[in-house]
Amino acid sequence: MTLLETTVAEIRPADPAVIASARAHQDRLTKPRGALGVLEDVAVRLAGAAGHNPAPIPAPAALAIFAGDHGVHAQGVSPWPQEVTTQMVGNFLAGGAVANAFAAQVGASVTVVDVGVAADLLEGPGLFIHKVAYGTADLSRGSAMTAAQAVAALEVGITTARRLVDGGARCLITGDMGIANTTPSAALICAFTGATPESATGRGTGIDDETHRRKIEVVRNALAANGLSDGLAGVDASGDAGAMPGMEWLNGEAAAGLRVLAAVGGLEHAAIAGFILGGAAARVPVILDGVIAGSAALAAAALAPAAVDHCVAGHRSAEPGHRIALDRLGLRPLVDLELRLGEGTGGLLAHPLVCSAVRVMHEVATFDAAGVTEKEA
């Protein structure tokens with residue numbers, strides 16, 4: 001069995017009996033029922049995902065920033081030069097990025113993973129080099145990756161999740177770095193949800209109206225070039241993925257999901273999808289960041305629907321496609337601050353909220369234990 005197949009087989013859905021037990025316990029705590037709003041749902045969901053009530057405290061946290069470059073950058077979809085990807089990797093490793101500041105605030109470790117940077121990076125502390133390719137091909141002209149490359153990147157994410165969990169992480173946070181990576185994100189969201197390029201394509205790190213129109217057209221061309229103009233309905237699930245040695249176990253939605261990921265995704269998207277699968281297999285919560293993570297989560301859900309039970313939406317990005325992705329995943333974001341940076345920043349901001357939600361279940365007394373009278377029915 002391949003690492004991907006083994007990991008998918010290990011993923012279990014949230015336990016309904018534990019969810020019921022957690023909800024009952026939540027309702028006995030010394031507060032009005034529902035007074036903590038969404039935090040109550042988070043605590044209950046994480047208990048079900050962990051298979052234990054209460055869920056373990058999700059700390060310490062580990063942020064993994066997956067870095068990759070994109071052939072579609074040549075289409076003029078971003079005002080930033082491609083070498084900024086490499087430069088920002090150096091900034092992360094030096095501790096100078098926003099993600100580093102937020103990680104320090106919440107006590108999270110930061111690991112950068114080179115899964116597809118279009119340059120050779122030097123080994124160093126905090127950097128894992130698992131380069132699958134020097135960037136992707138131009139998705140507007142054909143498939144961004146081969147199925148083999150997509151699987152390799154998925155397994156980079158799984159390996160990273162396992163390494164961090166084995167190192168003591170009890171919560172994983174997704175991060176990304178890749179100039180032009182909101183373009184494949186929009187294409188993935190369109191393919192998986194049926195959304196139009198106009199509705200799913202945003203302005204990324206900040207583009208003018210002309211560039212935005214070009215970006216929408218590039219996404220439309222990418223879908224057409226890869227037979228995805230009709231979304232998953234146009235996917236031949238017996239194609240690339242099914243013909244790969246060792247991938248015969250893929251069928252139906254899983255095979256289609258891999259086909260879509262390879263066609264219009266990025267290497268960091270595939271790695272993040274694998275990271276989600278790895279966290280879910282270990283029953284460790286995964287806090288999703290913005291639109292890149294949201295689009296990657298759609299791919300993870302296609303490969304293993306139960307993986308979503310182990311995810312928390314850290315925030316809602318200013319990118320319009322992120323709302324579409326979260327709605328399809330059935331996840332409610334904890335923070336909505338109009339962020340559009342990526343790097344894992346929104347997930348890091350949400351981590352204290354997730355910890356607080358679970359800590360309530362561990363430390364708050366019940367009405368019986370505290371001798372507090374409940375309200376009359």
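## Helices α3 and α14

Let's start where α3 and helix α14 (residues 345-363) meet: their axes come within 8 Å and cross at roughly 75 degrees. The two helices, α3 and α14, are therefore roughly perpendicular to each other. Everything described here comes from a predicted model, so please read each value as computed from that model.

On the α3 side, the contact uses L39, V42, A43 and L46, and these meet L353, V354, A357, V358 and M361 of α14. Sorted by type, the residues of this α3 and α14 contact come out as nine nonpolar, no polar and no charged.

The peptide bond leading from N53 into P54 is cis, with omega near 0 degrees. P60 also sits in the loop between α3 and β1, and the peptide bond from A59 to P60 is cis too, with omega near 5 degrees. When you look through this stretch of the model, these are two bonds to pick out: N53 to P54 and A59 to P60.

A55 belongs to this loop between α3 and β1 as well. Is A55 buried or exposed? A55 has a relative accessible area of 5%, so it is buried. Setting aside residues up to four places away in sequence, A55 touches L46, A47, A50, V358 and H362. For a sense of distance, A55 and V18 are 37 residues apart in sequence, and their C-alpha atoms are 9.8 Å apart in space.

## Helices α10 and α12

Helix α10 (residues 252-264) and helix α12 (residues 291-303) have axes that come within 7 Å and cross at roughly 150 degrees. That angle makes α10 roughly antiparallel to α12. The crossing of α10 and α12 is left-handed.

Which residues make the contact? From α10 they are E253, A254, G257 and L261, and from α12 they are A299, A302 and L303. By type, the residues of this α10 and α12 contact divide into five nonpolar, one polar and one charged.

## Around helix α7

A180 has a positive phi of about 85 degrees although it is not a glycine. A180 lies in the loop between β4 (171-177) and α7 (182-193). With 8% relative accessibility, A180 counts as buried.

Inside helix α7 you will find S185. At 0% relative accessibility, S185 counts as buried. What does S185 contact, once its neighbours within four places in sequence are left aside? Its partners are H269, V291, I292 and S295. S185 and A282, on the other hand, are 97 residues apart in sequence and 26 Å apart in space, C-alpha to C-alpha.

## A positive phi at R283

R283 is a residue other than glycine with a positive phi, near 60 degrees. You can find R283 in the loop between α11 (267-281) and β5 (286-288). With a relative accessible area of 31%, R283 is partly exposed.

## The cysteines

How many disulfides does a search of the whole structure find? The search finds zero. A disulfide is a covalent bond between the sulfur atoms of two cysteines, and a pair counts as one here if the sulfur atoms are within 2.5 Å.

As for accessibility, C171 counts as buried at 0%, and C311 is buried with a relative accessible area of 2%.

Terms used
Residues numbered from 1 in each chain as written. Predicted model: local features only at pLDDT ≥ 70, side-chain atom pairs only at ≥ 80, totals over all residues. Heavy atoms only, no water. Buried < 20%, exposed > 50% of the residue type's maximum accessible area, 1.4 Å probe, protein only. Axes fitted to C-alpha atoms, helices over the stretch in contact; angles between N-to-C directions. Helix = DSSP H or I, 4+ residues; strand = E, 2+ residues; numbered from the N terminus. Parallel < 35°, antiparallel > 145°, perpendicular 65-115°, else oblique. Left-handed = near helix turned anticlockwise from the far one by under 90°. Contact = heavy atoms within 4.5 Å. Nonpolar A, V, L, I, M, F, W, Y, C, P; charged D, E, K, R; others polar.
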